[in-house]
Amino acid sequence: MNVTSSGQLDTGTADPPVDGPRRRRLALALRRPRLILVLAFLVMVAGVVLAGSATALLKNGGFDDPSSDSVAATNVLSRHFPATQPNLSVLVRADDGKIDGAAAQRAGRQIVDTLRSHAGVKVVGSYVGGADPTMQGKDGSYGLVLARVPGDDDASGKTAKQLHDELAGHRDGVHVTFGGILQINNDMSDQLNADLGASELVALPLTLILLFFVFRGVIAALLPLFIGVFAILGSFAVLDGLGRLTSISVFALNLITALGLGLAIDYSLLIVSRFREERAKGLDKAAAMSATLRTAGRTVLFSASVVAAVLLTMLVFKQDFLRSFAFAGVAVVAVTAIGALLPLPAALMLLGDRVDKWSIRRRKPAREPQNRLWGRIAGISMRRPLILGLVALAMFVVAASPLRSIQLNVPDERVLPTSSEGGRRPRPSVPSSPARPSRRARWR
């Protein structure tokens with residue numbers, strides 16, 4: 001008796017062929033594989049079309065508990081004392097080094113007028129006219145205009161982006177840049193989109209290379225990537241609907257890409273490996289896929305249910321940032337499971353033994369033990385589950401020990417590169433001493 005790579009006991013006898021009433025009860029993926037693949041392709045096309053609108057619906061912020069005392073106090077201060085709560089900083093640097101010069105003063109008045117032209121925006125501090133010397137840099141080459149932009153994190157962020165498009169840049173002898181928490185949030189959103197694009201360009205080729213060595217074949221290695229792309233694009237389509245019903249954080253994109261690709265690889269490995277084993281026993285495609293879905297398919301469904309249940313626990317939190325992870329996470333888990341249980345079996349039904357085309361995998365006789373090392377490990381774990389369970393638990397405890405000193409916080413300008421506007425910490429161009437710049441010479 002041997003243990004197969006999918007964790008099933010192999011008695012050395014092939015499953016009986018599937019015929020009669022049992023064949024009629026096979027999954028739709030077995031009876032209409034081409035239809036399933038066409039529908040999967042349409043879902044992916046919908047994901048591509050809706051990706052732009054889904055991303056536009058994602059929201060910044062959402063890190064605070066709306067029922068907390070600190071949020072209540074902030075709201076009171078914002079309503080009654082807006083000057084104490086500026087959330088947008090406009091830094092003006094004069095090319096001639098004179099913030100009190102004609103060019104810088106003219107630019108400052110224009111900035112103030114533009115800010116006030118937007119509904120609800122209040123200017124709470126300005127260097128214009130020299131009335132407030134704390135708004136001028138120590139070396140006299142730059143000044144600040146502070147404003148309070150109304151609305152929640154998302155609405156105020158969009159207003160700040162409009163103001164940035166209107167005012168930021170170099171013209172008329174001054175250089176205008178933006179800072180403050182709104183600019184930081186907008187920069188984090190832009191950085192997130194850029195990082196996701198870069199990570200996908202790196203991760204997908206590397207993943208394909210690793211999958212080739214795991215599956216030992218080109219066609220078999222492409223199947224998990226196909227399911228991964230289906231999961232990510234399908235989740236974008238679902239996200240477009242979720243974003244119209246509830247608040248979804250921009251950071252949900254990280255969860256969708258990482259979790260979608262990871263689960264797709266895991267689930268595809270189970271399905272493809274089991275299908276190969278059943279075919280090696282001499283079963284026809286329908287019988288092999290039926291056995292695969294009864295065993296590995298059930299494992300995929302159970303795994304997806306557990307992951308979704310764990311993600312749903314984040315709904316107990318009141319922060320939109322965490323709640324959106326539950327919604328987006330369950331969506332990507334569901335789409336990935338559907339991909340592994342419908343399009344993937346449909347593709348295998350059409351491919352059959354061609355799944356091993358361009359393969360370096362040596363076909364083994366049906367009764368030859370498969371994956372002897374992993375089979376032994378699986379056998380030991382089933383014979384001594386308590387001992388190995390305690391060993392695994394100890395390893396997890398050791399691996400998690402650094403969490404004892406973890407310090408959690410909301411993201412701020414420290415997560416941004418110093419080249420971004422929100423993450424830039426300018427210093428006086430001619431510092432008078434090596435000491436740290438005063439508070440008025442620093443901005444966020």
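Mentor: Let us begin with T292, which has a relative accessible area of 0% and is called buried. This is a predicted model, in which local features need pLDDT of at least 70 and side-chain atom pairs count only at pLDDT 80 or more, while totals for chains, interfaces and linings use all residues. Residues are numbered from 1 along each chain as its sequence is written, and side-chain values use heavy atoms, with hydrogens and water left out.

Trainee: Why is T292 called buried?

Mentor: Buried means under 20% relative accessible area, exposed means over 50%, and partly exposed lies in between (1.4 Å probe, protein chains only). The value for T292 is 0%, so T292 is buried. T292 lies in helix α10, where a helix is a DSSP run of H or I with at least four residues, a strand is a run of E with at least two, and both are numbered from the N terminus.

Trainee: What is T292 in contact with, leaving aside its neighbours within four places in sequence?

Mentor: Contact means heavy atoms within 4.5 Å, and on that basis T292 touches I271, R274, F275, E278 and G297.

Trainee: What else is there to say about helix α10, and where is its kink centred?

Mentor: Helix α10 covers residues 285–312 and has a kink of about 40°, centred on L293; the bend at a residue is the angle between axes fitted to the seven residues ending there and the seven starting there. At the start of α10, a side-chain oxygen of D284 comes to within 3.3 Å of the backbone nitrogen of A286.

Trainee: What makes F212 and F213 an aromatic pair, and how are their rings arranged?

Mentor: The structure holds three aromatic pairs. The rings of F212 and F213 are 5.6 Å apart centre to centre, with 75° between the planes, and the pair is edge-to-face. Rings of Phe, Tyr and Trp (its six-membered ring) pair if their centres lie within 6.5 Å, and planes under 30 degrees apart count as stacked, over 60 as edge-to-face and the rest as tilted. By accessibility, F212 at 24% is partly exposed, whereas F213 at 56% is exposed.

Trainee: Which distant parts of the chain does the pair of F251 and F321 link?

Mentor: F251 and F321 are edge-to-face, at 5.7 Å centre to centre and with 85° between the planes. F251 sits in the loop between α8 (218–245) and α9 (252–280) and F321 in helix α11 (residues 320–341), 70 residues apart. F251 has a relative accessible area of 22%, so it is partly exposed, and F251, F321 and F325 form one aromatic cluster.

Trainee: Which residues touch the most other members of the largest nonpolar core?

Mentor: A nonpolar core is a set of buried Ala, Val, Leu, Ile, Met, Phe, Trp, Tyr and Cys residues joined through side-chain atoms within 4.5 Å. Of the 61 residues in the largest core, L223, F236, L239, M289, V333, L344 and L348 touch the most other members. At least two residues of this core come from each of α3 (33–57), α7 (181–215), α8, α9, α10, α11 and α12 (343–351). Apart from neighbours within four places in sequence, F236 is in contact with G47, A51, A54 and L253. A second, separate core of 27 residues includes I111, L115, L163 and V174.

Trainee: Is V90 buried or exposed?

Mentor: The relative accessible area of V90 is 1%, so V90 is buried. V90 lies in strand β3 (residues 88–94), and its contacts beyond four places in sequence include I111, G143 and V176. V90 and V176 are 86 residues apart in sequence but 6.9 Å apart in space, C-alpha to C-alpha.

Trainee: How many of the residues in the whole chain are buried?

Mentor: Buried residues make up 42% of the 444 residues in the chain, which has 14 helices and seven strands.

Key: A polar contact is a pair of N or O atoms within 3.5 Å; within protein, one must be able to donate a hydrogen and the other to accept it, and residues adjacent in sequence count only if both atoms are side-chain atoms.
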